[in-house]
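Please read the points against the structure itself.

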Amino acid sequence: MAILGSARTMRTLFAGAAVLAVLATAACGGGGSRASDQQAGGPPEREQPVQLEVTWWGGPARAELTQKVLDLYTQKHPNVTFTTQWQGYSGYYDKVNTTAAGRNAADIIQIDNRVLREYSSKGLLAELDPWVGNTLKVDGIDEKLLGTGKVDDKLYAVPLAANTQAIAYDRTALEKVGMLPPENGWATWEEFDTWAAGVTRATGNAPWAMRDESANITLFEYWLRQNGKELYDGQKPGFTTEDVTAWFELWDRLRKSGAASPQEVAQPANAGDISKNTVATKSTAMTYMYDNQLTELAKATDHEVGLVPIPGPRSGAYARPSQFFTAYTGGDNIATAVDVINFFVSDPEAGAILGTERGLPPNKQVRDVVSPNFDDQLKYVLAYDEKVVADAGPTPPVPAQGDSQLGRLLQATAENVGFGRQSPADGAEEFVTQAAGELERAAS
């Protein structure tokens, strides 16, 4: 965990006035400003000591790999050292928000696309365009994937890795009852319902076939895209009360048929803790996740696990950035922070260390170099990803400000519906009203 060094102490003393200036400039559309006196787009520091703080969410495996890459950077550039902070996803953004409010956020912050618009609009993230083409090499990153890090056509975030949506399944449990999923998934959710209900009957509810995923906003987004809609229409919800009612009714049918678990089985995993994943705990045979997370899941269970596409058309899928690295506008040395970010996505040695724990390498040049040396499981994830992404839909726009709150609202409402405290229609009406209000407040 982090031990704040002298650079951070100095920042704390001086950051107040400096960052206020940065925020004011950013609010006026002058992205790229920063607290230090370096020139935007200037070179990284190669002589004077630099200490940078890096923060991310994830489990122990991610922490180990990330630290190895930071150590490798220090080995190549001994004047640069790091302090780190990491934790699980739950509460991660609360901590980032707290440090940002105290003008003491980490120099390099891992985020996902859910907060990109919000953080960039608040002036917390440095615009990276001044470094593109010199310190920051992005020519090996697919334009669509790189574009997910842009807001209003300005680059604020670099994809650390790419992944796509999947259902992870317990191969050992399903083989035991002779019901492995079809390799290419199910053509419709109705087809999936019939098959999964059969699994639960065969296992006698131990495990249930599929985890109740009605509280999962990323799967809700996938389902909306299958139905020709997006999660957002600008700064407004892209869905109606009728859409949400249909979503809750889908999961109500799956629960009643036995295809999906009761909500009391699903709820402990709603916060995203891998140790409570219902495939890891063997309470369900399947659960939604991103394909790169299979590595972490495999370490959490002694069963063999696999991936299968989500039921229905693959128009819901897209090549998404699993996480971004961003540079804090109040950072001590933004140019060096950008160089570290570039090292993570463009250096083959770093790519070989990171593997697919965060997702597939975003830089094709790195991917081509390191993928022949992947172990069988990583090659399996790569093959799955390329198969699904080949049929995927277009990349959705950057989520609206307030997106992180929508996930919490959906989870609370879905749990109420799942426990029978609200009807699907009543829950949908409440959720849509709350979502619209939250997005309006976030933009004000």
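1. Basis. This is a predicted model, in which local features need pLDDT of at least 70 and side-chain atom pairs count only at pLDDT 80 or more, while totals for chains, interfaces and linings use all residues. Numbering runs from 1 along each chain as its sequence is written, and side-chain values use heavy atoms, with hydrogens and water left out.

2. Domains. The domain assignment of the protein chain gives domain 1 (50-161 + 321-390) and domain 2 (164-318 + 396-443); such bounds come from an automatic or database assignment. Their centres, taken over C-alpha atoms, are 27 Å apart. In contact terms (heavy atoms within 4.5 Å), 29 residues of domain 1 meet 33 residues of domain 2.

3. Largest pocket. A pocket here is an open set of points on a 1 Å grid over the protein atoms alone, with protein on both sides within 12 Å along at least five of seven lines; lining residues have an atom within 4 Å of a point. The largest pocket holds about 1400 Å³. It has 45 lining residues, and Tyr89, Asn270, Ala271, Gly272 and Gln293 are the closest to its centre. Domain 1 and domain 2 each give at least three residues to this lining. α16 gives the most, with 5 residues. The lining has 12 nonpolar, 20 polar and 13 charged residues. Gly counts as polar in this scheme.

4. Second largest pocket. Its volume is about 430 Å³. Of its 18 lining residues, Asp142, Leu145, Ala319, Arg367 and Val389 lie closest to the centre. α5 (143-147), α14 (364-370) and α15 (376-389) each give two or more residues. By class, the lining has 8 nonpolar, 3 polar and 7 charged residues.

5. Cavities. In a cavity, a 1.4 Å probe fits but cannot get out. The whole structure has 5 cavities of 30 Å³ or more. Leu160, Ala161, Leu354, Gly355 and Gly359 are the closest to its centre, out of 18 lining residues. α2 supplies the largest share of that lining, 3 residues. The second largest cavity has a volume of about 110 Å³. Among its 13 lining residues, the closest to the centre are Thr55, Gln85, Lys95, Val96 and Thr99. Here α3 gives the most, with 4 residues.

6. Helix α7. Helices are DSSP runs (H or I, at least four residues). α7 (residues 189-203) has 15 residues and reaches 21 Å from first C-alpha to last, close to the 21 Å expected at 1.5 Å a residue. Its buried residues (under 20% relative accessible area, 1.4 Å probe, protein chains only) include Trp189, Phe192, Trp195 and Val199. The buried set packs against α6 (171-176), β8 (208-210), α8 (217-226), α9 (241-257) and β11 (284-290). Just after α7, Gly204 has a positive phi of about 65°.

7. Two loop residues. Gly178 sits in the loop between α6 and α7. It counts as exposed (over 50%) because its relative accessibility is 66%. Gly178 and Val199 are 21 residues apart in sequence and 9.1 Å apart in space, C-alpha to C-alpha. Thr135 is in the loop between α4 and α5. At 9% relative accessibility, Thr135 counts as buried. Beyond its neighbours within four places in sequence, Thr135 is in contact with Gly42, Pro44, Ala335, Val338, Asp339 and Asn342.

Terms used:
Expected span 1.5 Å × (residues − 1). Points joined across faces, edges and corners; volume = space filled by probe spheres on them.
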